[in-house]
Amino acid sequence: MDQAAAKGKRPSWHGCATCLWVESVSSRQAKRSGLDASRVTDMAVWVLIAGLVGAKLLLVIVDWRYFVRNPRELFSIFQSGGVFYGGLVGGLLAAWWSAR
């Protein structure tokens, strides 16, 4: 197996570290601003989940023919990623929903 194929099989350490760092900074900023830090953390989790779902959903819409031929790929996380704009829209909608 070549290095590029092996790289797509596991999450990257810098992506996980970035998520932890963003959660830590947002929690500290929430406390400074007088907001409930647990609510901000909950929002971050929902934004992350909605971003992943939105990215995958837009990928399926854009590449519909591929997913009709390969339905197992719908549930693959590490083989096929997603479309950035789908993740952005999904994350923004989740943030809006939890902030209202």
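**View 1. W97 is exposed, with a relative accessibility of 54%.** Exposed stands for over 50% relative accessible area, buried for under 20%, and partly exposed for the range in between (1.4 Å probe, protein chains only). The model is predicted: local features need pLDDT of at least 70 and side-chain atom pairs count only at pLDDT 80 or more, while totals for chains, interfaces and linings use all residues. Residues are numbered from 1 along each chain as its sequence is written, and side-chain values use heavy atoms, with hydrogens and water left out. W97 sits in helix α5.

**View 2. The chain consists of 5 helices and 0 strands.** Read from the N terminus, the order is α-α-α-α-α. Of the 100 residues in the chain, 20% are buried. Contacts (heavy atoms within 4.5 Å) between residues at least 6 apart in sequence join residues at least 24 apart in 62% of cases. The chain exposes about 8000 Å², with 67% of that area supplied by carbon and sulfur atoms. Accessible areas are from the Shrake-Rupley method with a 1.4 Å probe; for residues, only the protein chains shown count as cover.

**View 3. S98 is a buried residue of α5.** Helix α5 covers residues 84-99 and includes S98. The relative accessible area of S98 is 19%, so the residue counts as buried. Its side chain comes to 3.4 Å from the backbone oxygen of A95. Such a polar contact is a pair of N or O atoms within 3.5 Å; within protein, one must be able to donate a hydrogen and the other to accept it, and sequence neighbours count only if both atoms are side-chain atoms. With residues up to four places away in sequence set aside, S98 touches R39 and M43.

View 4. I49 belongs to helix α3 and is partly exposed at 40% relative accessible area. The C-alpha atoms of I49 and G91 are 7.8 Å apart, across 42 residues of sequence. L92 is placed in helix α5, and L92 is exposed, at 53% relative accessibility. G51 is one of the buried residues of α3.

**View 5. A nonpolar surface patch is made up of V45, W46, I49 and V53.** Together these residues have about 400 Å² of accessible area. Patch members have over 30% relative accessible area and no salt bridge; like charges are joined within 9 Å, and nonpolar side chains (Val, Leu, Ile, Met, Phe, Trp, Tyr) within 5 Å. A salt bridge puts a side-chain nitrogen of Lys or Arg within 4 Å of a carboxyl oxygen of Asp or Glu. V53 is part of helix α3, residues 37-62, and is exposed at 51% relative accessibility.

**View 6. Buried residues of α3 pack against α2, α4 (64-69) and α5.** These buried residues are A37, G51, G54, A55, K56, L59 and V60. Helix α3 has 26 residues and spans 37 Å from first to last C-alpha, close to the 38 Å expected. The expected span is 1.5 Å times one less than the number of residues. Helix α2, residues 13-33, has 21 residues and reaches 30 Å, close to its expected 30 Å. After α2 comes G34, with a positive phi near 85°.

Terms used. Helix = DSSP H or I, 4+ residues; strand = E, 2+ residues; numbered from the N terminus.
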